[in-house]
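Visitor: I would like to learn how to read salt bridges in a model. Please take me through the cases one at a time.

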Amino acid sequence: YVSLTPIAKPCSCNLGTVDQKYNTHESVYHGTVESIVFYDEKNSFGDQKIKVTFKVNEQFKGGAKSHVLHTAFNGAGCTGYWFKESQRYIVYAFKSPNGDYNVMWCGGVISETDSTENYYSELKELRTKTNSNES
């Protein structure tokens, strides 16, 4: 018996501990979404490229340009996130081959609204790790 059913391999929702994520990402910060710009049409997976601009509250790692993400809207390929304007997020961003910053949807972005307990727990760990006491 041979199954012809395609096997879907989901992306991992565990990018690791705060230390592991901090060490493997080029930019780590928490901030508020200022704007979202949608590019092109949705593809067959429902992905749509977007540019998300943040007002950075605290930059834990990385440079000043890392407050702009270029990503996919729904994350069918394990990247992207459903960002909402005026909401706060912790962002663990990586640099794409073209030099833009992007995120993994599962563990690379923590929403204050959707994951309140996790958001404040990770924020506390990041502040301890980097000796930051901002609010």
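**Reading the salt bridges**

Guide: The side chains of Glu122 and Lys21 form a salt bridge, with an N to O distance of 2.9 Å. This pair joins distant parts of the chain, Glu122 in helix 2 and Lys21 in helix 1, 101 residues apart. The model is predicted: local features need pLDDT of at least 70, side-chain atom pairs count only at pLDDT 80 or more, and totals for chains, interfaces and linings use all residues. Residues are numbered from 1 along each chain as its sequence is written, and side-chain values use heavy atoms, leaving out hydrogens and water.

Visitor: What is a salt bridge?

Guide: A side-chain nitrogen of Lys or Arg within 4 Å of a carboxyl oxygen of Asp or Glu. By this rule there are four salt bridges. Helices (H or I, at least four residues) and strands (E, at least two) are DSSP runs, numbered from the N terminus.

Visitor: Are Glu122 and Lys21 buried or exposed?

Guide: Buried means under 20% relative accessible area, exposed over 50%, and partly exposed in between (1.4 Å probe, protein chains only). Both Glu122 and Lys21 are buried.

Visitor: Which residue meets Lys129 in a salt bridge?

Guide: Asp19, at 3.2 Å from N to O. Lys129 is in helix 2 (residues 116-130) and Asp19 in helix 1 (residues 18-24), 110 residues apart. Lys129 is partly exposed at 33%, and Asp19 is partly exposed at 41%.

Visitor: Which residue pairs with Glu112?

Guide: Arg88, in a salt bridge of 3.1 Å, N to O. Glu112 lies in the loop between strand 6 (109-111) and helix 2, and Arg88 in strand 4 (residues 88-95), so the pair ties together parts 24 residues apart in sequence. Glu112 counts as buried because its relative accessibility is 18%, while Arg88 is partly exposed at 23%.
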